[in-house]
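Please examine the model shown below, together with its sequence, before reading on.

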Amino acid sequence: MSVCCLLAATIGVCAQTREKDSLRVVNLQEVEVISTRATGNTPVAFTNISKEQLKKQNFGQDLPYLLSMTPSAITTSDAGAGIGYTTLRVRGTDGTRINVTANGIPVNDAESHSVFWVNLPDFASSVKDMQVQRGAGTSTNGAGAFGASINLQTGGFSLKPYAEFNGSYGSFNTHKETVKVGTGLIDGHWSFDARFSNISTDGYIDRASVGLNSYYLQGGYYTDNTSIKLITFAGKERTYHAWNYASKEEMAEFGRRYNSCGLMYTDDLGVQHFYDDQTDNYTQKNYQLLLNHNFTPQWNLNLGVHYTKGDGYYQEYKDGRKLAEYGLQPYETDGATVKKSDLVRKKAMDNGFGGGIFSVSYKGDRLQASLGGALNRYDGDHFGQVLWVKDYLRNLTPNHEYYRNNATKNDGNLYLKANYELGGGVSAYGDLQYRHITYKMHGENDKWNDATNSLQRLDIEEKFDFFNPKAGLSWQIDRNQRLYGSFSVAHKEPTRNNYTDGKLTEHPKAERLFDYELGYTYANSWLNLGANLYYMDYKDQLVLTGELNEIGEAVAANVPDSYRMGIELMAGVKLPCGFQWDINATLSRNRIKNFVETLYGYDDDWNALPAVKIDHGTTHIAFSPDFILNNRFGYTYKGFEASLQSQYVGKQYMSNMEIEEHRLDAYFVSHLNLSYTFKLPKLKSITVGCTVYNLFNEEYENNGWASSNYINSPEQRNNDAGYAAQAGTNVLGHISIVF
């Protein structure tokens with residue numbers, strides 16, 4: 001009801017705006033954190049995405065899917081249709097190695113280093129523009145960038161009042177409703193904006209339902225040289241688990257949409273019964289206060305303070321669990337001792353993350369420089385409860401708690417970067433960053449330790465000091481051509497999962513990256529071309545093993561020596577007739593040198609046998625295809641617009657042993673979007689359209705898990721795998737009304 005009232009009020013203000021206001025020119029300072037962004041003479045590979053580009057495909061899918069056409073990027077979806085738990089990989093590196101900031105403030109979770117886009121529903125509707133840097137990139141705040149960094153800038157103020165409604169509906173009962181309103185400029189200085197969104201879907205995968213709600217509110221005060229903005233945005237999600245994926249055998253028996261999550265039992269008729277509340281539930285609230293001040297045309301100051309509150313849980317049905325693992329006593333029944341039973345458990349998090357950022361920038365005739373940094377602190381509790389035990393004869397206290405641990409993390413960095421024009425179109429770039437991290441984790445983990453016959457004890461206290469220098473040259477050959485080269489050093493600390501989900505006898509190490517980049521670009525009014533060569537040399541890279549932990553997150557392990565090398569090719573044509581063609585391709589080689597597998601074994605009763613070491617030599621890095629191709633044809637005529645975008649992803653291995661049973665096959669997927677924009681009285685515009693995803697009904701999987709073991713002897717090797725099946729042809733209709 002409040003949303004409707006706000007919408008009506010804003011429409012009323014729109015109608016009363018005087019005509020002379022539309023002619024008024026106001027030069028006010030907007031809050032923009034640009035010290036972490038690359039510019040035209042920064043010697044790194046980057047792609048800028050505008051608000052208009054995002055809006056043309058923002059019909060409900062998560063933000064990673066809106067970036068799927070950028071070079072070297074691939075996306076994954078647990079639910080199979082791009083909504084819910086989705087991830088983005090760039091140059092084969094997973095999301096824990098992609099730094100994400102919003103207005104210069106870290107978005108990555110401080111412990112996992114992941115960005116859970118499901119906690120930021122429809123955030124793209126509040127983004128003004130964004131930049132994707134590939135490789136180590138420029139110095140930024142938060143987690144280290146080992147494959148890419150994504151810099152999001154949220155919406156600026158509008159001079160005039162506005163209101164907008166966006167809606168979508170389509171396959172799998174997918175729907176999205178977004179309302180955006182703004183007051184315009186009040187008394188020449190004040191502006192307020194709001195967005196409210198709801199996104200829901202049944203999902204392509206069985207029971208993979210998703211319910212997302214979010215809001216974005218901002219208020220700002222603006223003068224010619226100073227701006228202050230207060231922003232708050234939040235997301236609330238409820239998602240049915242779909243992270244088990246399905247084996248090829250399960251797909252053959254139950255269909256590609258099969259989801260084993262929540263399986264309780266199979267009755268005498270062969271019918272499977274599932275737990276209704278096998279769900280993930282999380283609420284994340286973000287607060288940002290940003291100040292921007294121009295002292296002179298050359299000197300600029302940015303300050304920001306922030307706080308993020310996260311609170312949530314997931315619960316699931318587990319069958320045949322050892323009672324001792326949950327702090328429960330065995331019980332006697334019918335003369336037998338019961339040590340295992342089915343149960344429902346709940347794992348919860350309660351955390352806070354806050355801090356501040358700053359940057360001072362100078363822009364002269366030949367020198368551009370920035371001094372900046374951040375200091376942040378995270379404090380989080382992790383705990384688990386048992387809600388129900390099947391046929392349990394002892395007393396079970398409500399919400400019986402069986403583990404609890406606390407983690408704190410302090411993360412500070414300071415950087416100085418500069419670009420100096422040497423003359424003749426040549427400029428030199430230097431970037432120095434120092435980063436200090438302290439990470440402590442104490443308490444009991446949820447992982448059972450057979451050696452001690454108890455839960456794993458966490459007593460982790462780590463300190464890291466990283467120095468990350470970067471340097472490069474850029475040559476503006478003429479107004480159309482640019483040549484650049486750079487060398488960067490980057491370091492990254494292990495994530496929480498690297499400590500808790502690896503083998504109990506292994507201690508994860510920090511990673512180091514030497515990144516070499518060489519690129520060329522050409523651009524004129526109708527044609528742009530680009531090529532970027534890269535060589536990324538890693539020491540102790542934490543690569544995905546293909547295994548998943550108990551909540552579906554990927555497990556990683558250090559490998560001593562590995563590299564990623566390749567070439568990124570880009571081209572675009574934009575003709576006066578309305579035709580546009582954009583294409584990019586990545587040809588790469590991603591390898592581990594001298595990979596040694598540790599193969600674990602079991603006897604017929606699942607008692608552990610001695611591990612075996614197997615030397616595989618040089619192997620493919622998991623989830624790193626050697627070839628990616630993106631292509632988009634677009635055509636506009638008056639209010640009509642059509643686009644066909646396609647992506648080809650070469651085969652991938654889900655483990656590091658190059659085992660065929662662990663392979664993701666290559667796939668080619670195309671999407672068709674049609675829309676028409678027109679005007680009606682008292683409306684700025686109406687756009688109606690339809691998007692057909694997976695136009696040619698490609699049957700493919702874009703993610704999964706893989707593991708191996710042996711039974712009785714290493715010659716009896718088992719290679720298991722699960723696959724994230726993606727939706728076939730599906731349709732989403734959409735409408736946008738701007739008042």
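Predicted model: local features only at pLDDT ≥ 70, side-chain atom pairs only at ≥ 80, totals over all residues.

Residues are numbered from 1 along each chain as its sequence is written, and side-chain values use heavy atoms, with hydrogens and water left out.

In soluble globular proteins, nonpolar side chains tend to be buried together. A nonpolar core here is a set of buried Ala, Val, Leu, Ile, Met, Phe, Trp, Tyr and Cys residues joined through side-chain atoms within 4.5 Å; buried means under 20% relative accessible area, exposed over 50%, and partly exposed in between, with a 1.4 Å probe and protein chains only. The largest such core has 29 residues, of which Leu67, Phe123, Met130, Ile150 and Leu152 touch the most other members. Among the elements that each supply at least two residues of this core are helix 3 (63-66), strand 6 (127-134) and strand 7 (148-154). Helices (H or I, at least four residues) and strands (E, at least two) are DSSP runs, numbered from the N terminus. Apart from this core lies another, of 24 residues, including Tyr258 and Ala706.

Asn702 is placed in strand 36 (residues 701-711). With a relative accessible area of 3%, Asn702 is buried. Its side chain makes a polar contact with that of Gln726 at 3.2 Å; such a contact is a pair of N or O atoms within 3.5 Å, where, within protein, one must be able to donate a hydrogen and the other to accept it, and residues adjacent in sequence count only if both atoms are side-chain atoms.

Lys248, in helix 4 (residues 248-254), is partly exposed at 36% relative accessibility. The side chain of Lys248 makes a polar contact with the side chain of Glu701 (3.2 Å). The C-alpha atoms of Lys248 and Tyr723 are separated by 7.6 Å, although these residues are 475 residues apart along the chain.

Rings of Phe, Tyr and Trp (its six-membered ring) pair if their centres lie within 6.5 Å; planes under 30 degrees apart count as stacked, over 60 as edge-to-face and the rest as tilted. The count comes to 27 aromatic pairs. The rings of Phe487 and Phe514 are tilted, because their planes stand at 50 degrees, with centres 5.8 Å apart.
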